[in-house]
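Here's a quick briefing to read with the model open beside you. Have a look at the structure first, then work through the notes by topic.

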Amino acid sequence: MRFTKMTSLGNDFVFVDGIHQNIHDPNRLAKFVSNRNYGVGADGLVLICPSQNADFRMRIFNPDGTEAQICGNAIRSVGKFVYHYGITRKTRMRIETIAGVKVVTLDVKSGKVVNITANFGSPILEAAKAPVITDLEQFIDQPVEVLDRTFHVTAMSLGNPHMVAFVEDVDHFDLEKYGPAMEHHPLYPERANCEFAEILAPDRIRFRVWERSVGETLACGTGSCASVVAGVLTGRCNRSVDVEQKGGVIHIEWDECTGDLFMTGPSTVVFDGEFVEGNPYEENAPWD
Ligand SMILES: N[C@@H](CCC[C@H](N)C(=O)O)C(=O)O
């Protein structure tokens with residue numbers, strides 16, 4: 001089985017072409033490839049599959065083997081992957097996910113994909129669909145007690161669940177302490193991807209993320225969108241924002257007329273590989 005390692009601002013994934021290869025038990029494969037000692041090492045596995053109603057279908061699996069609905073950095077990388085490997089010549093394509101079909105547009109210069117924009121559509125702000133357990137219709141800037149602190153949280157779905165809390169001095173924020181407690185907070189029946197964000201200027205945010213089923217990652221595409229949405233809804237930022245993360249900067253636009261969220265940023269093909277002796281399906285394996 002051949003694979004490709006790609007990274008988008010340090011949010012790294014193993015991509016497997018499931019159009020020309022037959023993949024069974026992707027949940028188990030995800031645990032193996034994601035392991036940084038026994039496998040390739042990644043924040044998850046991405047399968048690129050044929051689609052009935054779009055150009056391609058993306059499936060994304062977290063390192064614990066759970067399947068997520070969507071991933072912002074991975075979907076942009078899928079756009080680059082299919083163009084880079086000549087699977088398509090299209091520079092604008094529709095990619096199916098559990099969270100719906102998203103449009104991905106490539107910026108190609110001298111034959112190379114330099115930037116990729118993904119349209120995520122509108123964020124889902126209805127609390128019941130975020131999902132958050134509350135009587136409120138929307139969960140915006142609401143006090144939430146976590147361990148010894150109260151955060152003001154805005155919850156939403158980008159297809160996957162997010163919560164955003166604004167903090168001061170995010171670089172010194174104790175993410176290891178509050179991240180897991182927030183991810184597993186009883187408010188979120190499906191757990192949540194948790195963004196702790198600092199406003200640097202109305203057009204610049206810096207955030208750190210504690211991802212559901214992963215932990216801290218260097219960047220999160222859907223988390224970048226969620227941070228800007230929460231910033232706009234609470235009057236903290238503009239609709240066109242550069243979002244800083246540990247792994248780099250991404251640009252987010254939240255269109256006032258259509259309500260669509262656009263994310264633009266790079267993706268890098270790091271290396272191609274082929275599994276030799278590793279057996280992803282081994283019983284009682286050390287990556288379980
Ligand atoms: N890194 C991602 C999100 C990946 C999925 C997430 N861990 C979940 O379980 O929802 C991004 O770039 O959006």
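Predicted model: local features only at pLDDT ≥ 70, side-chain atom pairs only at ≥ 80, totals over all residues.

Which helices each supply at least two residues of the shell around the ligand? They are α2 (72–84) and α4 (221–233); helices (H or I, at least four residues) and strands (E, at least two) are DSSP runs, numbered from the N terminus. Residue numbers start from 1 along each chain as its sequence is written.

**Around the ligand**

- The ligand has 17 residues around it, and A68, G72, N160, G221 and T222 come nearest; a residue is near a molecule or strand if its C-beta atom, placed from the backbone, lies within 6 Å of it.
- Sorted by class, this shell holds 5 nonpolar, 10 polar and 2 charged residues. Here Ala, Val, Leu, Ile, Met, Phe, Trp, Tyr, Cys and Pro count as nonpolar, Asp, Glu, Lys and Arg as charged, and the others, Gly among them, as polar.
- Domain 1 (2–121 + 267–274) and domain 2 (127–257) each give at least three residues to the shell around the ligand; the domain bounds come from an automatic or database domain assignment.
- UniProt (unreviewed entry) puts "binding site" at N11, N62, G72, N73, N160, N193, E211, R212, G221 and T222. UniProt positions follow the numbering used here, feature names are shortened, and annotations may be inferred rather than shown by experiment.

- N11 sits in strand β2 (residues 11–17). N11 is buried, because 30 other C-beta atoms lie within 10 Å; the cut-offs are 20 or more such atoms within 10 Å for buried, 12 or fewer for exposed, and partly exposed in between, with C-beta atoms placed from the backbone.
- Leaving aside neighbours within four places in sequence, N11 is in contact with D43, N73, T217, L218, A219, C220 and G247. Two residues are in contact if their C-beta atoms, placed from the backbone, lie within 7 Å.
- G72 is part of helix α2, and it has 28 C-beta neighbours inside 10 Å, so it counts as buried.
- Beyond four places in sequence, the contacts of G72 are A118, C220, G221, T222, S224, C225 and M263.

**The annotated active site**

- UniProt (unreviewed entry) lists C71 and C220 under "active site". They span 150 residues in sequence, yet no two of their C-alpha atoms are more than 7.9 Å apart, so they gather at one spot.
- C71 belongs to the loop between β5 (67–68) and α2. It counts as buried because it has 31 C-beta neighbours inside 10 Å.
- Leaving out residues within four places in sequence, C71 is in contact with I60, G221 and T222.
- C220 is in the loop between β14 (215–217) and α4, and with 34 C-beta neighbours inside 10 Å it is buried too.
- Between C220 and F207, 13 residues apart along the chain, the C-alpha separation is 9.5 Å.

- The C-alpha centres of domain 1 and domain 2 are 24 Å apart.
- Across the boundary, 20 residues of domain 1 are in contact with 18 residues of domain 2. On the domain 1 side, α2 gives the most, with 3 residues.
- That side of domain 1 divides into 7 nonpolar, 10 polar and 3 charged residues.

**Core and a buried helix**

- The largest nonpolar core has 80 residues, and L45, V46 and V78 have the most contacts inside it. Such a core is a set of buried Ala, Val, Leu, Ile, Met, Phe, Trp, Tyr and Cys residues joined through C-beta atoms within 7 Å.
- α2 gives the most to this core, with 6 residues, and both domain 1 and domain 2 give at least three residues.
- Not counting residues up to four places away in sequence, V78 touches V46, I48, F56, M58 and I95.
- In helix α1 (residues 26–34), 7 of the 9 residues are buried, so the helix is largely enclosed by the rest of the structure.
- The cover over the buried residues of α1 includes β1 (2–8), β2, β3 (45–49) and β4 (56–61).
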